[in-house]
Amino acid sequence: MIQLLASSLQKTERAQGALGSGCVALMDAGGHDSINPKSWPCEDSLAVCEVPGGLLALVADSHWGGGASEAAATGLARAWERAKAPHTKARLAKALLLLEAKSESDRSETTVLIAHVTRERVDWVNVGDSFLWVIGPEGPELLNQRTMHFMGRIPLAVSSAISSGSRSLAGNERLLVASDGIEPQA
């Protein structure tokens with residue numbers, strides 16, 4: 001399992017990890033002025049874990065501190081284990097709802113993108129403006145719908161904040177999961 005947590009990076013630092021399945025993870029604190037005011041030098045977190053039949057990848061982009069992103073990243077494996085559903089997309093949605101709870105004293109809010117990846121397919125669930133790209137011979141293709149919703153504002157179960165999708169994958173395609181911090185203006 002890879003967990004790269006917001007609190008582990010100071011300004012201008014970088015962390016990385018890898019899994020034997022060809023998965024690599026990189027998180028960079030940036031070190032530049034952010035377009036959003038920050039409480040922590042880095043407020044994003046990510047996690048990747050191997051699950052039966054594939055990988056789960058999560059990126060969480062917090063504001064007003066990194067507590068909410070860290071809670072999502074550290075809770076991913078347990079939420080997936082507890083979420084029971086007849087198909088992957090429903091299980092992803094249940095896992096996302098399980099990740100929603102956070103400490104009352106933490107004022108941070110976060111976007112969350114979770115992807116379940118096999119050799120043949122990717123399924124995802126998303127709240128917010130992170131990116132899920134498939135990169136193949138034709139170049140990058142953005143898969144997910146991006147919105148300005150955040151976990152921690154309105155309960156997800158009573159909102160329209162969650163989007164999801166699925167796509168088949170060809171053997172020569174790769175996935176990139178990233179927060180909006182990858183954008184040049186951020």
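Reader: How far is the sulfur of Cys49 from the closest cysteine sulfur, and in which residue is that one?

Author: Keep in mind that this is a predicted model, where local features need pLDDT of at least 70, side-chain atom pairs count only at pLDDT 80 or more, and totals for chains, interfaces and linings use all residues. Residues are numbered from 1 along each chain as its sequence is written, and side-chain values use heavy atoms, with hydrogens and water left out. A disulfide here means a pair of cysteine sulfur atoms within 2.5 Å. Cys49 is too far for a bond, because its closest cysteine sulfur sits 10.0 Å away, in Cys23.

Reader: Is Cys49 buried or exposed?

Author: Buried means under 20% relative accessible area, exposed over 50%, and partly exposed in between (1.4 Å probe, protein chains only). Cys49 has 3% relative accessibility, so it counts as buried.

Reader: What about Cys42: how far away is its nearest cysteine sulfur, and how many disulfides does the rule give?

Author: Cys42 is also buried, at 3% relative accessibility. It is in no disulfide, and its nearest cysteine sulfur, in Cys23, is 18 Å away. By the rule, the count of disulfides is zero.

Reader: Switching to the sheet, what is the order of its three strands?

Author: Strands are DSSP runs (E, at least two residues), numbered from the N terminus, and two of them pair if DSSP finds at least two bridges between them. Strand E8 (residues 131-136) is joined to E9 by four bridges, running antiparallel. The open sheet has antiparallel pairing, and its order is E9-E8-E11.

Reader: Which residue in E9 is the bridge partner of Gly136?

Author: E9 covers 139-142 and is an edge strand, pairing on one side only. The partner of Gly136 there is Gly139.
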